[in-house]
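Me: I would like to go through this model and ask what stands behind each label. Please set the values against the cut-offs.

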Amino acid sequence: MRLDELGDWRRTHLSNEITPELASAEVTLMGSVVDVRDLGGIKFLILRDAGGTIQVTAPKAKTSRRILAKIDSLSKESSIAVRGKVVTAKQAPRGMEVVPTDIKLLNAAITPLPLDPTGRVKADLDTRLDSRLLDLRRPKTMAIFKIRHKVLQIVREFLVSKGFIEVNTPKIVATATESGAALFPISYFEREAFLGQSPQLYKEILTGCFDRVFEIGPIFRAEEHDTTRHLNEVTSVDIEAAFVTQEDVMRILEELIVRVFNRVKQRCAGELKVLKHDLKEPNPPFPRITYGEALKKLDDAGVKVPWGQDLPTPAERRLGELVGGTFFVVDWPTETKPFYIMPHKDDPKLCCAFDLMHEGLELASGGTRIHQEKLLIKQLRQKGLNPKRFESHLKNYRWGLPPHSGFGLGLDRLVMVLTGAKNIRECVLFPRDRRRLVP
RNA sequence: GCCCUGGUGGUGUAGACCGGAUAACAUGUAGGCCUGUCGAGCCUACGCCUCGGGUUCAAAUCCCGGCCAGGGCGCCA
């Protein structure tokens, strides 16, 4: 198949910009072939671009044989450019169509394709991820990532309006700085380094100069988890603010979640319709349930969790059913949370930490952080960590680091909730899990 | 890592329990008919049993193992 050069052709309009006012104007469209319907005396070509789809109509009697032959030669999903005249037509899908005067085949798609890009014939998630580009041309998949884009925009707007500064911290780190999650070791010249599991320590330090910071970026966990809500590379929305406590950042988080749900519902109505997802907006203030109350509720429902343990998945789900909607779990046992979380003054067995739950799914966790070096060293020792290895972090605390609080919010999980996706892989362009490293 | 379920044309499914004959359906692809399709319609053709071993006269079907996938769990500051 001979391909045409783009040459000096440039797109003049997107498909959704073809309006009745353009009637009889010449336009140049660029996009992909969705379908060709040949009725003998008339051919219809459906072109899709970033604006949607538009019908290109070629009546046999009024179209050159060269163009008719060209249309016949096009395979689905091929990249094309169409130059033609805008025509109003009652029978056209949107009342407007384009009659071609010239068509360029810029790149041909092979046949058969590894999946149906219209989405009419189902395909397994695994098959879809293997051919993600084609999958992303499916309306449902596209809708998820348009919503994700909108969420990022809303989150940035909101946090900036609250005085937060966006920062970028290193993803290559020297040591396994925090206890807990396993890290991916990487080769860093003559040394070993790791992929960062969280921007936690960096963002805390940065409250000492920027007051309020946030970072939206990748975090890496080398855990061999194999579930519908874990990946080895995820995007977190991390915030940290000076001179505030847990309760203040919980209110920020609450407002943020409400804002995101509200704006997505308003601005992504079309995408939600494609996904057939009825988004229920949570009402503030979200219930605050203590860890102790959560255990009691679970016990009453026949689910036993020993005090001092994190909630296992089935318990989380049950609690989600019992409480319903979006809620906070507060006053966690100090032993379940990391070393930098502030213990309660009057009861150091409990700490100033919270989890944000949405229908049994943990969306975020945060708390009041320790800002006194002495206490931090004590907590490090408590967790069996060696304070000497944290020297480069600890020295910041000698320079008047303010009291601060923050949280980390899982963006991919938030998008799951907003789109109704049942598997986190649906919400990440190129997910990384225990087995998948490509594409 | 453990448990459960599965792997059939390019894609998604049926067949399998209860072994046997031309492996079915939708979509797709190729070709044909048709001047208003819009999930176009109609006709013709093409294309499939995950891999290895076992049982049997005979295996897509039963058994064992591998690999892969889906779900559940564990792990997850």
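Me: Where is R138 found?
Reply: This is a predicted model. R138 is in the loop between α3 (132-136) and α4 (139-161).

Me: Why is R138 called buried?
Reply: The relative accessibility of R138 is 8%. Buried means under 20%, so R138 counts as buried. Apart from neighbours within four places in sequence, R138 is in contact with L115, D116, P117, G119, V121, K122, A123 and R128.

Me: What makes strand β11 largely enclosed?
Reply: Strand β11 (residues 233-242) has 9 of its 10 residues buried, so the rest of the structure largely encloses it. β11 pairs with strand β10 (residues 212-220) in the antiparallel sense over 9 bridges, and F220 has E233 as its bridge partner there. β11 is also joined to strand β16 (residues 404-410) by 7 bridges, again antiparallel, with S405 as the bridge partner of A241.

Me: Why do β11 and β16 count as paired?
Reply: At least two bridges are needed for a pair, and 7 bridges join β11 to β16, so the two strands pair.

Me: Which strands make up the closed barrel, and in what order?
Reply: The barrel has 5 strands in the order β1-β2-β3-β5-β4, with mixed pairing. From one strand to the next the twist averages 50 degrees. Strands β1 (residues 26-38) and β4 (residues 79-88) pair in the antiparallel sense over 7 bridges, and S32 has S79 in β4 as its bridge partner. Helix α1 (residues 65-73) lies across β1, β2 (42-49), β3 (52-59) and β5 (96-107), at about 65 degrees to β5.

Me: What makes the pair of Y188 and F189 edge-to-face?
Reply: Among the 7 aromatic pairs, Y188 and F189 have ring centres 5.1 Å apart and planes at 70 degrees. Centres within 6.5 Å make a pair and planes over 60 degrees apart make it edge-to-face, so both terms apply.

Me: Are Y188 and F189 buried, partly exposed or exposed, and why?
Reply: Y188 has a relative accessible area of 34%, so it is partly exposed. F189 has 71%, and because exposed means over 50%, F189 is exposed.

Me: Why is the pair of Y291 and W332 called tilted?
Reply: The planes of Y291 and W332 are 45 degrees apart and the centres 5.2 Å. Stacked needs under 30 degrees and edge-to-face over 60, so the pair is tilted. Y291 is in helix α8 (residues 291-300) and W332 in strand β13 (residues 326-333), 41 residues apart, so the pair links distant parts of the chain. Y291 is buried at 1% relative accessibility, and W332 is buried with a relative accessible area of 1%.

Me: What makes K337 count as a charge over the ring of W332?
Reply: K337 lies over the face of W332, 4.6 Å from the ring centre. The distance limit is 6 Å, with the charge within 35 degrees of the ring normal. R83 has its charged end over the ring of W9, 4.2 Å from the centre.

Me: What is the phi of D211, and why does D211 count as partly exposed?
Reply: The phi of D211 is near 70 degrees, a positive value in a residue other than glycine. D211 is in the loop between α5 (200-210) and β10. At 29% relative accessibility, D211 counts as partly exposed.

Me: Which residues does the cis peptide bond with omega of about -10 degrees join?
Reply: That cis bond joins T111 and P112, and P112 is in the loop between β5 and α2 (125-130). Another cis peptide bond joins V438 and P439, with omega of about -5 degrees.

Me: How is chain A divided into domains?
Reply: The domain assignment gives domain 1 (15-107) and domain 2 (134-427), with C-alpha centres 48 Å apart.

How values were computed
Residues numbered from 1 in each chain as written. Chains lettered and ligands numbered in written order. Predicted model: local features only at pLDDT ≥ 70, side-chain atom pairs only at ≥ 80, totals over all residues. Heavy atoms only, no water. Helix = DSSP H or I, 4+ residues; strand = E, 2+ residues; numbered from the N terminus. Axes fitted to C-alpha atoms, helices over the stretch in contact; angles between N-to-C directions. Contact = heavy atoms within 4.5 Å. Buried < 20%, exposed > 50% of the residue type's maximum accessible area, 1.4 Å probe, protein only. Domains from an automatic or database assignment. Phe/Tyr/Trp six-rings, centres within 6.5 Å; stacked < 30°, edge-to-face > 60°.
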